[in-house]
Amino acid sequence: MAKHDKLKLPIAKADRTTDFLILKYSSTERGKTVDVAVTDIDGLPYNLSGLDLYFVEELYNGQMVVDDGKQEISGKFVDVDLENGKFSYQFQEGIYQYDGWAHFKFVKGSNLIDTTAGFAIKIIDDIDSDLDEKSYVAYFENIKKEHQDWLDKAKELLASAQDLNSDNHQIISNCKKSLDELTKKHNDLQIQTNNLSETVNSNFTSLTGRIDSLNKEKDQLNTKVDQLTQDKNNLSAEVNNLKSVNEDLKQKIKKLTPVHVKSVNDVAKQDAYFVIVDD
């Protein structure tokens, strides 16, 4: 049975944090499953009884995945223990193409009850669609082993031939020639294998650098988003304050406007500073 990634996710709080989990998958992987344990704000298991489970991911290409696990092409919620806040989720195929920011949400009817803290999903491109690093090396190691077996057999044949009399000189010469050729091929394969290992290591280092660069860019974007959010909130507060001042001015202007009444008895009932009694 394949080993599952494990996530322990608290219910999301209002304050956003840079301390989050990252799941890394290859773009050619499929059927990966994550075991999830949800905790309440007090650290105890979150009771999910009576709630519908959803996986939500905002992909970096702008698309949004919302999966209840009930459609034909959906992921799957399995091994569900609602009372203790535990379940396993098998990802749908669409998540293996782009990086994204994900969480689980819990719904009752049409009402959103809670969401978990977020986590990142990082998709790493394979160096080759057919063979990974280990497969390349193993492929050439197998070829090397086959040639080594032929070398051993040739050496045995040469040792036997050397015991023959001079009439077998041509056989010995041919064996030496074959042995030299096999040795050369073996050495060439050794060079190819070493070169391949260096290339694979170089590509892996390059991919790691690209991932770190993307993480840095994401952090910079998050900082800009937080700053824009703060600026929007400050502007909203300023607008509300101006509305309040404007309303006060309207009331003062209203009181400064003369009011006409028919009787002296009506004067005390008015809020205006100037009251004119019409005879």
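Mentor: Start with a rule for aromatic rings. Rings of Phe, Tyr and Trp (its six-membered ring) pair if their centres lie within 6.5 Å; planes under 30 degrees apart count as stacked, over 60 as edge-to-face and the rest as tilted.

Trainee: How many aromatic pairs does this rule give here?

Mentor: The count is 13 aromatic pairs. Take Phe77 and Tyr89: their ring centres are 4.9 Å apart and their planes stand at 45°, so this pair is tilted. Phe77 sits in strand S6 (residues 76-81) and Tyr89 in strand S7, so the pair links distant parts of the chain, 12 residues apart. Helices (H or I, at least four residues) and strands (E, at least two) are DSSP runs, numbered from the N terminus.

Trainee: What should I know about the model itself?

Mentor: This is a predicted model: local features need pLDDT of at least 70, side-chain atom pairs count only at pLDDT 80 or more, and totals for chains, interfaces and linings use all residues. Residues are numbered from 1 along each chain as its sequence is written, and side-chain values use heavy atoms, with hydrogens and water left out.

Trainee: Are Phe77 and Tyr89 buried or exposed?

Mentor: First, the terms. Buried means under 20% relative accessible area, exposed over 50%, and partly exposed in between (1.4 Å probe, protein chains only). Both Phe77 and Tyr89 are buried.

Trainee: Which residues do ring pairs link into a cluster?

Mentor: The cluster holds Tyr25, Phe55, Phe77, Phe87, Tyr89, Phe91, Tyr96, Phe104 and Phe119.

Trainee: How many residues are in the largest nonpolar core?

Mentor: A nonpolar core is a set of buried Ala, Val, Leu, Ile, Met, Phe, Trp, Tyr and Cys residues joined through side-chain atoms within 4.5 Å. The largest one here has 27 residues, and Phe55, Phe87, Phe91, Phe104, Phe106, Phe119 and Ile121 have the most contacts inside it. Strands that each supply at least two residues of this core include S1 (5-10), S4 (52-59) and S8 (100-108).

Trainee: How many salt bridges does the structure hold?

Mentor: The general idea is this: side chains of opposite charge can pair when their charged atoms come close. A salt bridge is a side-chain nitrogen of Lys or Arg within 4 Å of a carboxyl oxygen of Asp or Glu. The structure holds 4. One of them joins Asp35 and Lys6, with the closest N and O atoms 3.1 Å apart. Asp35 is in strand S3 and Lys6 in strand S1, 29 residues apart. Asp35 counts as buried at 18% relative accessibility, while Lys6 is exposed at 64%.

Trainee: Where in the chain are Arg30 and Glu93?

Mentor: These two side chains meet in a salt bridge (4.0 Å, N to O). Arg30 is in the loop between S2 and S3, and Glu93 in the loop between S7 and S8, 63 residues apart. Arg30 is partly exposed at 40%; Glu93 is exposed at 56%.

Trainee: Which residue forms a salt bridge with Asp99?

Mentor: Lys122 does, with the closest N and O atoms 3.0 Å apart. Asp99 lies in the loop between S7 and S8, Lys122 in strand S10, 23 residues apart. Both Asp99 and Lys122 are buried.

Trainee: Which residues make the nonpolar surface patch?

Mentor: Patches are made of residues with over 30% relative accessible area and no salt bridge: like charges are joined within 9 Å, nonpolar side chains (Val, Leu, Ile, Met, Phe, Trp, Tyr) within 5 Å. Here Val245, Leu249 and Ile253 make a patch of about 270 Å². Accessible areas come from the Shrake-Rupley method with a 1.4 Å probe; for residues, only the protein chains shown count as cover. Leu249 belongs to helix H2 (residues 169-256) and is partly exposed at 46%.
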